[in-house]
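Hi,

Here's the structure I promised to pass on. Have a look at it first, then read my notes below.

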Amino acid sequence: MIADRVLLYYSVFMVLVHLIIVIGIIKACRMSKQQACSEKRKELKVSIIIPAKDEETNLPILFRSLEKVLSPDVQLILANDRSSDRTRSFMDEFASEHPNTLVLTNTEPPREGMNPKHSMLATASKYATGDVIMFTDADCTVPENWIDAVCRYFQDPEIGLVFSAVVTEPGSGIVKRYQTQDHLQRFFYTVGAVGLGSPSGGFGNNLAIRRSALEEIGGFEAIGFSLTEDAQLIAAVRNSGHWLVAVCPFREALVYARPQKKLADAAAQEMRWSAGAIFGTDRMTALMYSFMLVFTLVGSLSFIYIPFHGSAIVYYLAPVISMVMVSSVGAWYLKCDKSFWLWIVPCALVGTLFYGFTYFAAFFIKSVSWKGTNVKK
């Protein structure tokens with residue numbers, strides 16, 4: 001049948017595309033090693049901004065990791081966004097014990113044209129005094145050498161932004177394990193994009209920007225509305241034409257995030273990411289996400305069709321093979337443990353269906369609920 005032949009050619013084509021992405025990953029990782037200065041940061045002042053809303057459960061864990069990172073010359077900005085729990089009191093207590101820590105509290109709704117986190121970051125960045133501004137989230141933990149591992153890149157005066165690896169804490173069970181694999185896979189897709197010369201996407205909970213680069217693009221106010229303000233920021237720096245976007249894909253800068261506990265919450269998070277990428281103003285990111293949407297959707301539909309047409313398994317396995325390739329290369333560079341490798345194939349089998357559903361659903365949702373705020377896509 002003609003349809004079968006078209007789908008077969010399409011599947012082969014997509015696997016070849018992912019081989020190119022893998023080449024991009026390898027190229028980006030080699031380039032990253034060359035860009036990272038072998039010495040520790042010199043004369044670079046650092047500001048760290050951490051936005052939080054109702055994070056009393058997660059802040060103590062984050063603060064324990066920050067204890068090993070902070071020094072008197074590092075400015076820490078804790079940005080409390082309309083929290084109704086003890087977030088502010090935890091922040092105040094930590095600030096009282098650590099000099100050069102500033103606590104900001106916002107009581108107003110998000111500014112026009114910004115999502116809640118975007119609005120809080122725009123406010124907090126005005127108080128940053130460092131040459132480099134680093135970002136993470138309240139539900140994360142940072143590695144001991146985080147600042148030096150990231151800031152080594154900024155010894156190169158042409159680098160304006162660096163984004164680094166994030167995975168969720170593995171935990172137990174398929175839902176948590178899947179999210180860990182999903183984060184790694186998403187991150188290494190963006191690594192591949194860097195290697196292919198078109199940085200697009202990245203995790204905002206492990207991102208750093210040169211303050212002069214942020215000022216040059218007009219700050220957070222100028223990047224445009226999106227549900228994924230981190231990807232918008234990366235695109236704005238890339239499009240400025242004056243700054244390079246670098247990636248740190250190595251374990252010394254790896255940040256761990258807490259996974260969603262329920263499958264429905266994980267799906268809602270992925271739909272928000274997809275909607276932000278597809279409907280943001282950066283056409284490069286939208287094109288890449290839409291490309292993946294079609295690929296995974298074909299795989300998902302093929303899975304349903306397998307009982308009626310055995311050859312459909314080929315079209316289902318094409319995205320599975322592609323995901324395994326990307327995840328395996330990523331796991332190699334991040335030096336993941338053996339337990340992660342054991343989950344790569346099972347998570348890819350599930351991921352094909354999950355991606356297909358969440359990408360497709362992103363086209364139809366009108367808004368997302370974000371920590372109590374309803375945000376239109």
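Let's start with salt bridges: this predicted model holds 12 of them.

One of them pairs arginine 86 with glutamate 56, with the closest N and O atoms 3.0 Å apart. The two partners come from distant parts of the chain, 30 residues apart. Arginine 86 sits in the loop between strand S2 (74–81) and helix H3 (87–97), while glutamate 56 is in the loop between strand S1 (46–52) and helix H2 (59–66). Glutamate 56 has a relative accessibility of 25%, so it counts as partly exposed.

Now find glutamate 221, in the loop between helix H7 (211–216) and helix H8 (229–240). Glutamate 221 forms a salt bridge with arginine 111, and here the closest N and O atoms are 3.4 Å apart. Arginine 111 lies in the loop between strand S3 (101–106) and helix H4 (116–125), so this pair links parts of the chain 110 residues apart. Both ends are partly exposed: glutamate 221 has a relative accessible area of 32%, and arginine 111 comes in at 34%.

Glutamate 221 also has a salt bridge with lysine 126, again with the closest N and O atoms 3.4 Å apart. You'll find lysine 126 in the loop between H4 and strand S4 (132–135), 95 residues from glutamate 221. Lysine 126 counts as exposed, because its relative accessibility is 58% and the cut-off is over 50%. Through shared partners, Arg111, Lys126 and Glu221 are joined into one network.

Cysteine 29 is buried, at 0% relative accessibility. Cysteine 248 is in no disulfide either, its nearest cysteine sulfur being that of cysteine 29. Cysteine 248 is buried too, at 1% relative accessibility.

Last, the inside. In soluble globular proteins, nonpolar side chains tend to be buried together. The largest nonpolar core here has 120 residues, and Ile48, Met134 and Phe188 touch the most other members. Which residues does methionine 134 touch, not counting those up to four places away in sequence? The list is Val46, Ser47, Ile48, Ile49, Trp146, Ile147, Val150, Cys151, Leu207 and Ala208.

Cheers

Definitions and conventions: Residues numbered from 1 in each chain as written. Predicted model: local features only at pLDDT ≥ 70, side-chain atom pairs only at ≥ 80, totals over all residues. Heavy atoms only, no water. Core = buried A, V, L, I, M, F, W, Y, C linked by side-chain atoms within 4.5 Å. Buried < 20%, exposed > 50% of the residue type's maximum accessible area, 1.4 Å probe, protein only. Contact = heavy atoms within 4.5 Å. Salt bridge = Lys/Arg side-chain N within 4 Å of Asp/Glu carboxyl O. Helix = DSSP H or I, 4+ residues; strand = E, 2+ residues; numbered from the N terminus. Disulfide = S-S within 2.5 Å.
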